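Reader: I have a model open and would like to learn how to read it. Please take one feature at a time.

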Amino acid sequence: MFDREAPLDGVKIIDLTRLLPGPLCTQYLADMGAEVIKVEHPEGGDYARVAIEAAPDESAETSAFFQTVNRSKQSVTLDLGDSGQRAHLIDMIRDADGLVESFRPGVAARLGIGYPELSAINPGLVYVSITGYGQSSPLSSKAGHDLNYIAYAGVLDLLRDQAGEPVLPGIQIADVFGGSLHGVVAMLTGLLSKQLTGRGRYLDVSITDCCKPLNIGPLTMSQGPASLLDGGFACYQIYQTSDDRHLTLGAGEAKFWHNFCAALGRHDLKPLQFVADRQPWLKAELAALFKRHTLDHWCTRLEETDCCFAPVLSVAEAMQDTLPQESPEGLSTGLKIGLPVKIKGHAPDFDAPSPALGEHNSRYFGLSDNQHQNDQGLPNRAVHSGDAT
């Protein structure tokens, strides 16, 4: 069942998360070879199973979003508000290596499945909590989403349009960078510590705090009237082409800028790279130059030049290796997004399906799916309303 070349072969992870940050974290762990058991509420399961913005060809039961971040996992259903069903979770914890949860702070403790309770049962358990604001922040009890987290982290203040207004990023920066990736770091740190000491650990992942390293550049680079990262200099800029496409120039170092100027035959621009009062003229000069030709023209002209240049690709263009061949324009089905790190000797199964709700109840509980569902009792949705994300 498992790939013996996989780095996490034999590692068992219990996943109590839903939506994006936790599920993508545990999918990366599954891609590394871990056995990931996704625990879902029997009434509907992970909210992401039903698409918020469904594509025309997408049924309510088969959200492409859910399928994309839950490959290769096992799904079991438990109402964690019921003490009898929590006992099933406890049984799974006894031989688990790790657990990832995303309840609001205090919810897991009220259910009796916090780290103190579970580590008493399994001292080697690595317990990772992914929440919007962390366990001890003054904001810890507040609900939030990606936009709120980057706002508190100072990141949104750096994303502004030409009029100086903050802009919606259009992507989930905090959920993926702050939550999913740091969740993976936390779990792998805990697993390594367990290997060295034989003891588990508790790791608290605040999505907001984990986004703050994105501010390293603005905090450490020039605080003057012109800054490299906010478009103050022509050498680090986005330019429009004649076909209304865009290209990026990242020639921040002198050698790259000189190479760029040489490729354009504009040696006169070389000494102006960081002359602050000449930047408005220099940006206008380059904008007019790039506007004369298409993006393809500039890609052909600059592709052999060592100058940190790249076209601005559409999502479909950027993802052409992962989009389904039969639907090059669509983003609704067949995505193969997973661990981007190449591991020698191991290849994740990007074609593996996501599990049906409760598909693996019989494997872990020794009951048929029908028997298990009959034993569920009335669902207690309230215990899940405290999820942070």
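Reader: Which residues of strand 3 point one way, and which the other way?

Author: In a regular strand the side chains alternate between the two faces of the sheet. In strand 3, Q74 and V76 point one way, S75 and T77 point the other way, and all are buried. Buried means under 20% relative accessible area, exposed over 50%, and partly exposed in between, with a 1.4 Å probe and protein chains only. Strands (E, at least two residues) and helices (H or I, at least four) are DSSP runs numbered from the N terminus.

Reader: Before going on, what kind of model is this?

Author: This is a predicted model, in which local features need pLDDT of at least 70 and side-chain atom pairs count only at pLDDT 80 or more, while totals for chains, interfaces and linings use all residues. Residues are numbered from 1 along each chain as its sequence is written, and side-chain values use heavy atoms, with hydrogens and water left out.

Reader: In what order do the strands of the open sheet lie?

Author: Two strands pair if DSSP finds at least two bridges between them. Here 6 strands form an open sheet in the order 3-2-1-4-5-6, with parallel pairing. Strand 3 (74–77) and strand 6 (201–206) are the edge strands, each pairing on one side only. Direction ignored, neighbouring strands of this sheet are turned by 20° against each other on average; axes are lines fitted to C-alpha atoms, for helices over the stretch in contact, and angles run from 0 to 180 degrees between N-to-C directions.

Reader: Which residue is the bridge partner of K38?

Author: The partner of K38 is S75 in strand 3. Strand 2 (residues 35–40) runs parallel to strand 3 and is joined to it by 4 bridges. Strand 4 (residues 98–101) and strand 5 (residues 126–131) also pair in the parallel sense, over 4 bridges, and L99 stands opposite Y127 in strand 5.

Reader: How many salt bridges does the structure hold?

Author: Side chains of opposite charge can pair when their charged atoms come close. A salt bridge is a side-chain nitrogen of Lys or Arg within 4 Å of a carboxyl oxygen of Asp or Glu, and the structure holds 13 of them. In one of these, the closest N and O atoms of R71 and D31 are 3.2 Å apart. R71 lies in the loop between helix 2 (64–69) and strand 3, and D31 in helix 1 (residues 21–31), so the pair ties together parts that are 40 residues apart in sequence. R71 counts as buried at 2% relative accessibility, and D31 is buried at 1%.

Reader: Where do D97 and K194 lie?

Author: D97 is in the loop between helix 3 (83–93) and strand 4, and K194 is in helix 7, 97 residues apart. Their salt bridge has its closest N and O atoms 2.9 Å apart. The backbone oxygen of G124 lies 3.3 Å from a polar atom of the K194 side chain.

Reader: Which residues of helix 10 are buried?

Author: In helix 10 (residues 254–264), the buried residues are F256, W257, F260, C261 and L264. They cover an arc of only 135° around the axis, which puts them on the same side of helix 10; the arc is that of the directions from the helix axis to the C-beta atoms. These buried residues pack against strand 8 (246–250), helix 11 (279–290) and helix 12 (295–302), where contact means heavy atoms within 4.5 Å. G265, whose phi is positive, near 70°, follows helix 10.

Terms used
Polar contact = N/O pair within 3.5 Å; in protein donor to acceptor, adjacent residues only side chain to side chain.
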